[in-house]
Number of protein chains: 2
Amino acid sequence: MSAVSELTDTLRLCIHTMTTKPWPLETAVDKYAAAGVRGITVWRQWLEGRPLEKSRSLIADAGLAVVSLCRGGFFPSIDAGKRREAIDDNRRALDEAAAIGAPWVVLVCGADPRQSLDESRRQIADGIAACLEHAEQLGVKLAIEPLHPMYAGDRSAVNTLAQANDLCDQLDHSSVGVAVDVYHLWWDPHLQQEIERCGRSGNLLAFHICDWRTPTIDLLNDRGLMGEGCIDIRRIRGWVEEAGFNGFNEVEIFSDRWWKADMDDFLAAILAAYRHHS
Amino acid sequence: MSAVSELTDTLRLCIHTMTTKPWPLETAVDKYAAAGVRGITVWRQWLEGRPLEKSRSLIADAGLAVVSLCRGGFFPSIDAGKRREAIDDNRRALDEAAAIGAPWVVLVCGADPRQSLDESRRQIADGIAACLEHAEQLGVKLAIEPLHPMYAGDRSAVNTLAQANDLCDQLDHSSVGVAVDVYHLWWDPHLQQEIERCGRSGNLLAFHICDWRTPTIDLLNDRGLMGEGCIDIRRIRGWVEEAGFNGFNEVEIFSDRWWKADMDDFLAAILAAYRHHS
């Protein structure tokens, strides 16, 4: 379906700790490194219970790059107190990212179903704006991840790459950019042009891969391993690379099905799928 | 949240037979009419087992308008034979619509996960084009219903109102138009302008209402009754009416939860929700 070439090495392969959810950080780091994976995206839960400096050295000593910290965001609320708490929490996420050496925090921007989408969208812009100075001081960016429209009610009111790009234009700050996830965006007829746009503006920070299964039986945790679904991942990777992206291809799979499997088998399957279907 | 006025009568209230799935056509017709509902959208399964003329008179005798026939579409397939069968089936749907007095057939356009979205989109345009002459001869239209992006894998590769409007422009034929369903489109930042656009072009045929629940626990059959979710239905109705639409407000709810309830209770709840949340 595509002229983009197969990935023949794992130099740009990153895995999210959430993908291998049963593994604690130490195990994930050891297993990823042994398999030739070169990057890790750390979910904040995996940082709990030990000093941040220790997590940093654990990862660095294994030769893995910290690709990003997941996740900040969840800015909107009808309750002004909750909105202030969210901003505080995002500043803490930035601190954590700086401490472990993550260049950006990925934002699941949030939505409050008790108010209009317009209002949630305004609060997202305000929330990100309130974190930018702190981000700049730390040298850590905020990566807006547009989420699939099926999450517009409660997880993110930013649902297309065009919206994320518009938001970057509006904020007009070097500490904000975009994370492109094929799961959320593959259906969009304007995806290629919006990828070009965020590449041109220098805002394309991150690229996440997995697949869309048909049927999908759960809105949250039924993502497919690359090749198990209908997304032309390689074609989208081609667009991202044409837009100048040369960062990590991050495997981010939430799957009740895979989380029940043996994680070593799953890791092996990820490696194979990365080569053949990404 | 909106300056649009409450619906104080049921003159423009239509219900889809699928909404009250446990009721056969005779029961639905009797119950709707007794409740003051003035329109019915008939799903094709409800026409089985009796002559079309009999269904037509059953509905007409109760004083109900046939608002539309659901549903045609499902044009794409990697198999050319299946694509021809789909076109034949859509022509039969047009015949059925003409026989029962439905002014259009609603199209769930289809998608085949085994091929690219681009290819499915081309096949949809070709499939509709192949039905237009037959539609014109019968005086029945085809209403393209853009479906939520969560159905892009297997139900419809037409996922935004902009796409449906573009498709109408491309087909440029008086027998094709658009059905706007709040469930599929509420998240779209361009919804208002695209509703204006299809009103301006005379393509806005139908308006479907229900609600988006948070959380949504099933991709197909967990729609909410108006007021049970986060869609500002009244505001969208305002946009549709500003665009010149004065047709029926069609209640189309697929809900395993409601289908387990007493259908008389559900009908009463629909009437109340129609007034207070639509």
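## Helix 1 of chain B

Helix 1 of chain B covers residues 25–35, and its buried residues are Leu25(B), Ala28(B), Val29(B) and Tyr32(B). A residue is called buried if 20 or more other C-beta atoms lie within 10 Å of its own, exposed if 12 or fewer do, and partly exposed in between, with C-beta atoms placed from the backbone. Seen down the helix axis, the buried residues of helix 1 of chain B fall within an arc of 95°, so they line one face of the helix. The arc is that of the directions from the helix axis to the C-beta atoms. An α-helix has 3.6 residues a turn, so residues three or four places apart point the same way.

The cover over these buried residues includes strand 1 (13–16), strand 2 (39–43) and helix 2 (52–61) of chain B. After helix 1 of chain B comes Gly36(B), which has a positive phi, near 90°. Helices (H or I, at least four residues) and strands (E, at least two) are DSSP runs, numbered from the N terminus.

## Basis of the model

This is a predicted model, in which local features need pLDDT of at least 70 and side-chain atom pairs count only at pLDDT 80 or more, while totals for chains, interfaces and linings use all residues. Residues are numbered from 1 along each chain as its sequence is written, and chains are lettered from A and ligands numbered from 1 in the order in which they are written.

## The barrel of chain A

Chain A has ten helices and eight strands. The eight strands form a closed barrel in the order 1-2-3-4-5-6-7-8, with parallel pairing; two strands pair if DSSP finds at least two bridges between them. From one strand to the next, the twist averages 30°. Helix 4 (residues 117–138) of chain A packs on the sheet and touches strand 5 (141–144) and strand 6 (176–181) of chain A. The direction of helix 4 makes about 145° with that of strand 5 of chain A. For such angles, axes are lines fitted to C-alpha atoms, for helices over the stretch in contact, and angles run from 0 to 180 degrees between N-to-C directions.

Strand 1 (residues 13–16) of chain A pairs with strand 2 (residues 39–43) of chain A in the parallel sense over three bridges. The bridge partner of Ile15(A) in strand 2 of chain A is Ile40(A). Strand 1 of chain A is also joined by three bridges to strand 8 (residues 249–251) of chain A, again running parallel. Here Cys14(A) has Glu250(A) as its bridge partner in strand 8 of chain A. In a regular strand the side chains alternate between the two faces of the sheet. In strand 1 of chain A, Leu13(A) and Ile15(A) point one way and Cys14(A) and His16(A) the other way, and all are buried.

## Overall form of chain A

The radius of gyration of chain A is 18 Å, close to the 19 Å that the globule rule gives for 278 residues, so the chain is as compact as a globular protein of that length. The radius is taken over C-alpha atoms, and the globule rule is 2.2 Å times the number of residues to the power 0.38. Along the principal axes, the C-alpha atoms of chain A fill a box of roughly 45 × 45 × 35 Å.

Of the 278 residues in chain A, 53% are buried. Among contacts in chain A between residues at least 6 apart in sequence, 79% join residues at least 24 apart. Two residues are in contact if their C-beta atoms, placed from the backbone, lie within 7 Å.

## Two residues in loops of chain B

Phe74(B) is in the loop between strand 3 (65–73) and helix 3 (80–100) of chain B. Phe74(B) is buried, with 23 other C-beta atoms within 10 Å. Leaving aside neighbours within four places in sequence, Phe74(B) is in contact with Ala86(B), Val108(B) and Gly110(B).

His190(B) lies in the loop between helix 7 (182–185) and helix 8 (191–200) of chain B. His190(B) counts as partly exposed, because 15 C-beta neighbours lie inside 10 Å. His190(B) and Ala162(B) are 28 residues apart in sequence and 8.0 Å apart in space, C-alpha to C-alpha.

## How the two chains are related

The same surface serves both copies, and 100% of the contact residues of chain A recur in chain B.
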